[in-house]
Amino acid sequence: MKAGLRNGLTLIVGLLLLWQLLYLWTGDVALASPLATFRYTGKLFTTESFDAQVYETLRAFAIAYAISVVMGLGIGFWLGFDRLSGDALEPMIVSVYAIPKLTLYPILLLAFGLGLAAKVAFGVIHGVIPIILFTLAAVHNTKPILMKTGRVLKLSRWQMIRWILFPAAIPEIFTGLRVGFALTLIGSLLAEMFASQRGLGYLLMNGIGLHNVELIMSVTLVIVVFAATVSVVLLHVDHRLHRRV
Amino acid sequence: MNRLFWYRTLVVVAAIAVLEVLCLTGVIDRITMQPPHRIAIDLAHILASGSMNGAIRKTLGNSAIALVSALVVGIAFGVLLHGYRGARDALDPLFATYYAVPVFAFYPFFIVVFGFGDVPQVLIGFMLGVVAVIVNTLNGLDRVPSVLLKTARILRLSPADTALRMTLPYAGPYVLTGIKLAVAYAFIGVIGSEFIMSRGGIGYEISFAYANFDNATMYPLIVLILLASVAVNGLLGVWEQRLLARRGLR
């Protein structure tokens, strides 16, 4: 753990140095220096309108993630149980993963209209796929003896999930939830960048329009720090779960 | 195998049929979506007239540049990094969290730095792909048995020769997994950034058609992208399975 902390710190210092060097090389027009960006970010957080944008993004993201988790687990368990459907549909789901989903956004906008619903839907189509795939794999990889025990005890399908599959497969399912978290965040931010009047993604596009370099960099910084921090924490939990088994 | 094939075909055909019926009966109105047969006809028209050839060429060209540079840099960097334990340990947290960070969030910033040309789009495609290549190259190199390395030393191969003749061929299937991801990411990066803000390419044409309610252009182009990415992904998947099967890994 200590080594991990040291590596993380080295990396952060390295990235900051790289940023400062880039700034010295390109100058004020294209980049804001790390210090200026941090100061601007601090100022942003004290303004009420910025907090409202952050809240907007977080709300869309939270709803999208909740839906992704429920749908992903449901479909994942179904495909895991039903061997034929699982074998047939898994490659199709994998290929959906490789599609540039941004191009589907116009369809979602037409279907859901401008606003929260479209953002949520877009986050869900990004986040649900890894959760399905990891859950499916987790069910397939569960030791057959556990399933047999369940059948001997005449557990119903629901009891089987609740008492056997879920506890046995939790490390792998958690990996899916972790990847799904990142992708849902990406999805909901992208949706805001393309068509939205609110949220961090909108602020980014606004920053380009106004050529406000400090705003662009501060918002990017906030997003990156948030995503990286949460994913480090999730990764840590993930490793511990995997070690336990 | 055959049963799976029919199951899949059935799912696709059923989905299209449902859409067709919903569109024709007016549950989904015409402004929202064209019926599938109409999309197919429009797509054929667009391809036959060649009106989108410029955009297609631009997108494919940029994706190819992004892909090739991601592969060259990724594999070279992976091989180099494999030799330096300390550097690798320091970069490990970066690799682990890399895909949690929305790379597209850097796009506005790249536009400011590099201007409105092709560079920001290629760069996004490159950035999305390169880490997948590095991680998978490292993963493959980790699995090279030490007897191969010893043989290389006995034959007095230079480090470059060892990489090109011994370790990389052995790591082939793992590197291919990285390549498969890089192809998808190059497409996603280039088309996605064209879509957000650019002056050309298929992504741009789709967002332009969307802004003009031009469904007769938008849907065929979306379908074209879906077909292209599913086809490329499928082909690479088959190749990957073959390579793995030859090694007895699957």
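1. In this predicted model, the contact draws 44 residues from chain A and 44 residues from chain B. On the side of chain A that touches chain B, the elements that contribute two or more residues are α1 (2-26), α4 (83-97), α5 (105-112), α8 (157-194), α9 (200-210) and α10 (213-244) of chain A. The largest share of that side, 11 residues, is supplied by α10(A).

2. Chain A is divided into domain 1, covering 1-31, and domain 2, covering 33-244. The centres of domain 1 of chain A and domain 2 of chain A, taken over C-alpha atoms, are separated by 27 Å.

3. For chain B, the secondary structure comes to 10 helices and zero strands, and the C-alpha trace spans about 75 × 55 × 35 Å along its principal axes. Of the 250 residues of chain B, 41% count as buried. Among the contacts in chain B with a separation of 6 or more, 74% are accounted for by residues 24 or more positions apart.

4. Within chain B, helix α8 (residues 159-196) and helix α10 (residues 215-246) pack at an angle of about 175°, and their axes are 9 Å apart. Because angles over 145 degrees count as roughly antiparallel, α8(B) is roughly antiparallel to α10(B). The α8(B) side of the contact is made by B:Gly172, B:Pro173, B:Leu176, B:Thr177, B:Lys180, B:Val183, B:Ala184, B:Phe187 and B:Ile191, while α10(B) brings B:Ile225, B:Ser229, B:Val232, B:Asn233, B:Leu236, B:Gly237, B:Glu240, B:Leu243 and B:Leu244. The residues of this contact of α8(B) with α10(B) divide into 11 nonpolar, five polar and two charged.

5. Helix α1 of chain B (residues 2-24) has 23 residues and reaches 32 Å from its first C-alpha to its last, which is close to the 33 Å expected at 1.5 Å a residue. How many of the 23 residues of α1(B) are buried? The count is one, and α1(B) is accordingly described as hardly covered. Just after α1(B), B:Gly26 takes a positive phi of about 90°.

Key:
Residues are numbered from 1 along each chain as its sequence is written. Chains are lettered from A and ligands numbered from 1 in the order in which they are written. This is a predicted model: local features need pLDDT of at least 70, side-chain atom pairs count only at pLDDT 80 or more; totals for chains, interfaces and linings use all residues. Two residues are in contact if their C-beta atoms, placed from the backbone, lie within 7 Å. Helices (H or I, at least four residues) and strands (E, at least two) are DSSP runs, numbered from the N terminus. Axes are lines fitted to C-alpha atoms, for helices over the stretch in contact, and angles run from 0 to 180 degrees between N-to-C directions. Angles under 35 degrees count as roughly parallel, over 145 as roughly antiparallel, 65 to 115 as roughly perpendicular and the rest as oblique. Ala, Val, Leu, Ile, Met, Phe, Trp, Tyr, Cys and Pro count as nonpolar, Asp, Glu, Lys and Arg as charged, and the others, Gly among them, as polar. The expected span of a helix is 1.5 Å times one less than its number of residues. A residue is buried if 20 or more other C-beta atoms lie within 10 Å of its own, exposed if 12 or fewer, and partly exposed in between; C-beta atoms are placed from the backbone. Domain bounds come from an automatic or database domain assignment.
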